[in-house]
Amino acid sequence: GSDGRGGPTRNQRVAAMALRALERWCAATGAGIGQVKRICSDGETKIDIVEVISDALYSDSEAVIDAAAELLDTLLKKNAEDTVTMESLSLVSTFMQSVSGGSAAAGLVQTEEAMRLKEAERDVILVELVSAVGLQRLRFDSASSAACRCLARIAAAIALAAQSSIRSGKMGRASNGLLELLLKGAAHPSIHVCGICLEAIPSLIAPGSNYSDRLLPILQQRAIVPATLRGNRAGAGGQDADVDFHEYTSFRENLLSAALAACYKNNRSFYMESCASAIDEFCAAPLTPQLPFQLEAALFCLCAVSMDASKRALLVGASPAAQSAAAKASVALGQAQTADIAADAKKHDEELAKCTFSIAQNPATATSNPLTLAQMCRFIAKYSRWYSKTQSAGALDKAAELALTAFNATASPDYTRNEAVKDLIDEMVISPVAEAATALRNILTRSPGRFTTPEALAALESGWKASYTSANSEEENIKVEDREALCSGLCRVLAALPSDQWVSSLTALATPTIQYLEAASKKAEELVGKEAEQFTILDRMADEIKLLSVMVRTFRNAARKSESSDKDPNPALIAVLHRAWPCLSHVSEKLGSYAMISRSLSDLLTCCVAVQQSDSEHEFFLQVCNMAANIMAAVKSSNGESEKHSTQAPMLHFVEEAVDIYGHVAETVARGTSKSTNADLNLHKILDRLLVLSFEAVEEAAGAIWASGSEHQQQGETAGEASPPPPPAARPINKSPDELAAMFSLLTVALRRSPVLLLNLSSGKDLFSRAVQAGTVAMNEKEVDVSRSALIFLKTLADLKAASENDERSGATYQLISSDIDESIYHIRGSVVNAAVAGACGIYPREVLDPAASLLSAFLQASSPAEAELAATASLQQGMFKLGDDAKRAVLVVLGKAAQGRGDASLLMEVFDTLWSLHQGEDAHTFAGGDAVAKFVSKYGQQ
């Protein structure tokens, strides 16, 4: 009852307070349910606490039931902990008996036996609780939503605690009531109550049981979007949607999908037949407001198991051995055994084909609202691998037709002019046009050869034109990512054509892109001073340049893997790029300073690096590099006037790619050890120019860091004179961290691929020396990417010297630059060692400790014993080290081992991690005589 005002009565409040007090005591003492029962029954009152809890479940008060749920949660968590402990003890005792005999493991065995007795006691109590909770099913339908939520919570907790006994059948009929209650909870109008039950249900489905068959219709019903969440409120139903659309979507994608997967794995054929029959029925029925949402739910159920279902369907054409292996793998994973896996695979194939043909025969239901259309496209995308291999004639063609029709419809500017459609799309997490583009891409990528007929190409051309009609409209239905997805699929189809059609087909694909760029570049210049309008056009131009990048990258990769792989795809790509080059050159000169243009052009130029002309004169690569130089100059002249202007980082990434691909050729020329062709000489000249431009760009933008590097270099610090790193507040201001990180990454690649070229640039060796000095300053940058890239660059410097001692080829290279490398290491050794050790004492972010330790190890090994000892000793005299003299000696021992090459860098990484942890907090110096430091000294202080 209640107090007449809707609240709990006095007795109910007292009962709830008593249960909560008991729960707090159990949480504080760690008492388990068995211990609590013994304590209550041994007292003078002789209370059966399990019976008390069971009686509390009949209360009409939410406060009482909620308190009982809290108490059971706490007691059952302890039960789970004890189970894990017992399993661990069992493993340990078994191991001890096998290693040292029974005497050593006797104590463990006794403890294990005692815990088994407690487990048996808990099992008896769980049977009581399972029966008691099961009886609550009789009032579940009439209870309030709040009471049902509490009862569902209790049922789920007890079910998870007793899941092994329930699945194995040990409880017999005693668990039937609980399982029935959970089914009622899964069907409850409240999504919250359903979700609580679904957290437990998948763990209770025993292989071969019919519980999943009873559960599946309930889950299929829950997959239907509640009427109150639909944009047009169509098909009003009885479900009480106590969540918003995004919460419901999360519920479906997580809890509901997991339960559906459990049903599928227990009875695959029944699951597929049920979903396929539903889809067939919905597609054949007259269209009603509710019908599309029912179809969407059925498609969702198939998408939830797409990975396993498509694999099973593909076993149709597999060998008996492969089918047998798949059957054994399913059983090993605890899934129900399939009597005839060949028949099961055939059933999957037939049902998936049935779904496809049913939708294709009457697509109006599937395309009548955006949610169903998007789910249909997702279904096609997820089963694209099956479509590409199925023997069901026509299934692939129907799927492609559905996907293309969906794309053309959703890309149309008219699609979102319907208010009901727009309202639903605004609520949706997924985008219909994005799902359609993904479905098309997956279908075309999996089976490009099937779409090379004139009819198919004409249909695909209509889709490509539709994407431009949408992009040119004001509705903004389509995003560049969707167009990129479609473009990549189309490029794979074009690559499957005969090679003599490559130039014409690729040119046709790129023509709308190039035409837009030509028109937009003129318009963007006319809008100078009108930033809002200009930036809108610049964003769109950047999108079109991204599409060109996709074309170059995807077509080149696909053409090299196609049946025409003996043909060179580069002529077709160069033809398209030459068509676009005048416009792109103009854009790079006039608009290259803007961030969106610079980034997209950088990506395109990076893709173009691998495009080579057949005459090997590198003329096209020279044009690419000239454009990169123009962009660098434009960025430099803008000097970061606004946030919309770019940094040099995108172009530095391009230079890095160019050096990585062609650096070995330029390196051969730089060594002068063999005769070079004119092409090689041109390539050397190009890369030299790019590297010099990169140095100039970063010096202009990096601010005080590069200047600080110059000052240190002029001071000529020696290994023993290096000053400690500046504290964070005093560090040089870095105007562009992304540029510095990109520059050090470029220098790392250049050192690995063409060290002689890098140290002998046309502008002199001073560039490299200043970069090395700047690296020692950047080690202490607060930006993780900058410090990490600087650390890796400096380590590469030391590695170059180490490689010369172990490899004859590397040794020959090193002889050409040894004096410069040795001098650089000599000048920065002290600073590097000081900074690395100080960083381990809490200055560095934890993310850079490993590269710092690796760098320190490499530098110590690249030093003579005397140099290494001097630098290591000096580094520990810094004020940052607060752990005392004993810990210093232990660190010196480890550094000595590193210098001698005893052990790998992982030892130093481990020490750095420990040092960093010990130095956290302002009172780290108080730990010098503590147990943690003593343990550190004991572990690492041994010679």
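Tutor: We'll go through the aromatic pairs, then charges over rings, then a surface patch. Keep in mind that this is a predicted model.

Student: OK, how many aromatic pairs are there?

Tutor: The count comes to 12 aromatic pairs. Take Tyr264 and Tyr271: their ring centres are 5.5 Å apart and their planes are at 80°, so the pair is edge-to-face.

Student: Are Tyr264 and Tyr271 buried or exposed?

Tutor: Both Tyr264 and Tyr271 are buried. Another pair is Trp502 with Phe555, also edge-to-face, with 5.5 Å centre to centre and 85° between the planes.

Student: Where do Trp502 and Phe555 lie?

Tutor: Trp502 is in helix H25 (residues 502–526) and Phe555 is in helix H26 (residues 531–561), so this pair ties together parts 53 residues apart in sequence. Both Trp502 and Phe555 are buried.

Student: Which rings are linked into a cluster?

Tutor: Phe744, Phe768 and Phe793 are, through ring pairs.

Student: Switching topic. Which ring does the charged end of Arg252 sit over?

Tutor: That of Phe300, at 4.2 Å from the ring centre. Arg483 has its charged end over the ring of Tyr468, 4.6 Å from the centre.

Student: And the surface? Which residues make the nonpolar patch of about 330 Å²?

Tutor: Tyr58, Leu135 and Leu138 make that patch. Leu138 is located in helix H6 (residues 137–140).

Student: Why is Leu138 called exposed?

Tutor: Because its relative accessible area is 67%, and exposed means over 50%.

Conventions. Residues numbered from 1 in each chain as written. Predicted model: local features only at pLDDT ≥ 70, side-chain atom pairs only at ≥ 80, totals over all residues. Heavy atoms only, no water. Patch = residues over 30% accessible without salt bridge, like charges linked within 9 Å, V, L, I, M, F, W, Y side chains within 5 Å. Areas by Shrake-Rupley, 256 points an atom, 1.4 Å probe, with all protein chains shown as cover. Salt bridge = Lys/Arg side-chain N within 4 Å of Asp/Glu carboxyl O. Helix = DSSP H or I, 4+ residues; strand = E, 2+ residues; numbered from the N terminus. Buried < 20%, exposed > 50% of the residue type's maximum accessible area, 1.4 Å probe, protein only. Phe/Tyr/Trp six-rings, centres within 6.5 Å; stacked < 30°, edge-to-face > 60°. Lys NZ or Arg CZ within 6 Å of the ring centre and 35° of its normal.
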